[in-house]
Amino acid sequence: MNINLTLIGQSVAFVVFVWFCMKFVWPPIVTALNDRKTRIADGLAAAEEGQKAKAEAHEHAEQVTSEAKEQAQEIIRRAEKRETEMVEEAKGNARTEGDRILSAARGEIDKEANMAREALRAEVAALAVTGASKILSREVNADAHAKMLDELITEL
Amino acid sequence: MASSEALTTTGYIKHHLQNLTFGQHPDGTWGIAHGAAEAKAMGFWAIHLDTMFWSVLLGALFLWVFRRAAVRASVNTPAGLLNFVEWAVEFVDENVRSSFSHKNDLVAPLALTLFVWVLLMNTMDLVPVDWLPELAKLMGIEYMKVVPTTDPNATFGMALGVFALTLFYSIKVKGVGGFAAELTMQPFQAKNPILKILFLPANFFLEFISLVSKPVSLSLRLFGNLFAGEMIFILIALLFSGGAVLAIAGGALQWAWAIFHILIVLLQAFIFMTLTIVYLEMAHSHH
């Protein structure tokens with residue numbers, strides 16, 4: 001337990017160790033720690049930013065969705081309106097067309113009937129003439145009696 | 001358990017308290033001292049090989065481990081050893097920040113070195129007292145004191161380093177005049193120049209004692225605590241040669257004392273570091 005040269009030796013060892021620690025141990029570790037601190041702080045800030053952006057995007061998305069929904073509703077409403085309109089239009093068209101076809105048919109029928117009537121009249125007239133000629137047992141001059149025959153025809 | 005040539009209790013204790021001293025014998029030859037009287041006769045120009053060996057080995061171990069971590073240190077997630085080293089560095093850094101308020105790149109690494117180095121040297125005290133000396137004896141080495149902090153040379157050596165730094169920074173920060181004024185113009189203060197001169201001797205006496213007492217108390221506190229702890233381990237180890245009952249009691253006592261000693265080991269390292277920071281803070285601040 002004597003104080004001797006060991007004292008100097010220990011002091012030298014102390015100085016060397018402290019110097020080495022100060023030069024090669026402390027700075028890299030503390031630099032790394034500080035860098036990591038900065039990085040973590042940055043990361044947290046970025047995360048917060050991201051959260052904010054996400055919330056904003058969410059809000060925006062909701063807005064867009066609701067707009068789209070409204071538009072869809074509008075389109076559906078318009079389509080329904082158009083549908084009824086089209087049905088009404090088609091109904092009207094069909095009715096006019098039907099009327100047209102009906103009246104055309106009616107005209108045709110009238111025409112046919114008139115033609116049949118004319119033919120019938122002519123036949124009846126011829127028949128009447130034939131009948132009369134048979135009854136009179138003589139030949140009736142058609143030309144001589146044409147006037148009378150015409151009158152007959154109109155009467156029929 | 002006791003060494004073969006000194007089976008008496010006193011011999012056992014003395015053997016454990018003897019450093020492996022290398023120096024010049026009074027007859028002019030160089031060699032290892034055999035016994036306390038020879039070591040004393042060598043005077044100042046002798047060196048404790050065991051203290052030097054263990055302290056340098058442990059200091060190198062500290063720097064090797066921490067240097068490895070420092071090389072690997074990066075912003076990425078730390079793992080394993082790096083985690084531990086970063087924890088130690090942050091612990092010391094926090095302590096330095098809380099008690100040292102000036103800009104000085106030396107103080108934190110100094111505190112880290114002192115804390116870990118002293119802690120490692122103190123921890124040698126927890127190795128059972130006879131293991132390493134007996135191992136050394138097998139290798140032909142007569143004396144082996146494995147706890148460097150139980151050698152006042154080691155604690156004074158560190159305290160002297162700290163003392164030199166406090167003197168250096170006191171003069172660097174305050175100038176020679178400022179430092180001299182600090183030593184002579186307080187605690188008794190006066191406006192009158194004659195009174196000032198009258199107070200000067202008393203002031204210098206008080207301040208000089210308080211200045212010198214810092215390294216002395218710093219080193220003696222560490223030495224005293226560890227020496228006492230070591231002494232108790234040695235006394236407990238004596239029980240092992242006193243029969244089965246005493247041996248069992250000794251085992252239990254050694255176990256209990258070791259657990260308590262962990263606290264002292266850690267606490268003394270921490271106190272040494274904290275006081276060093278405080279002394280350097282005082283050196284930097286003006287009164």
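**Helix packing and the A–B interface in a predicted complex**

Phe62(B) is found in helix 3 of chain B, where helices (H or I, at least four residues) and strands (E, at least two) are DSSP runs numbered from the N terminus. The model is predicted: local features need pLDDT of at least 70 and side-chain atom pairs count only at pLDDT 80 or more, while totals for chains, interfaces and linings use all residues. Residues are numbered from 1 along each chain as its sequence is written, and chains are lettered from A and ligands numbered from 1 in the order in which they are written.

Phe62(B) counts as buried because it has 23 C-beta neighbours inside 10 Å; a residue is buried if 20 or more other C-beta atoms lie within 10 Å of its own, exposed if 12 or fewer, and partly exposed in between, with C-beta atoms placed from the backbone. Not counting residues up to four places away in sequence, Phe62(B) touches Val116(B), Trp117(B) and Leu120(B), contact being defined as C-beta atoms, placed from the backbone, within 7 Å. Phe62(B) and Trp117(B) lie 55 residues apart along the chain, and their C-alpha atoms are separated by 6.7 Å.

Trp117(B) is also among the residues with the most contacts inside the largest nonpolar core, which has 72 residues; Ile29(A), Leu112(B) and Phe115(B) are others in that group. Such a core is a set of buried Ala, Val, Leu, Ile, Met, Phe, Trp, Tyr and Cys residues joined through C-beta atoms within 7 Å. Elements that each supply at least two residues of this core include helix 1 of chain A and helix 3 (49-72), helix 5 (107-123) and helix 8 (193-238) of chain B. The most is given by helix 5 of chain B, with 13 residues. Leu112(B), leaving aside its neighbours within four places in sequence, is in contact with Cys21(A), Trp26(A), Val89(B) and Val92(B).

Helix 1 (residues 6-136) of chain A has 131 residues, which should span 195 Å at 1.5 Å a residue; its end C-alpha atoms are 184 Å apart, which agrees. The expected span is 1.5 Å times one less than the number of residues. Between the chains, 29 residues of chain A are in contact with 42 residues of chain B.

Chain B contains 9 helices and 3 strands, and 36% of its 287 residues count as buried. Helix 8 of chain B bends by about 40 degrees at Leu200(B), with a proline, Pro201(B), following within four residues. Phe223(B) is found in this helix and touches Thr149(B), Thr150(B), Pro152(B) and Thr155(B), not counting residues up to four places away in sequence.

The mean pLDDT of chain B is 88, and 97% of its residues reach 70 or more; pLDDT is the predictor's confidence in each residue, from 0 to 100. Over residues 1-6 of chain B, pLDDT stays under 50. The predictor gives the complex an ipTM of 0.88 and a pTM of 0.75.

Note on methods. Contact = placed C-beta atoms within 7 Å. Bend = angle between axes of the 7 residues up to and from the residue.
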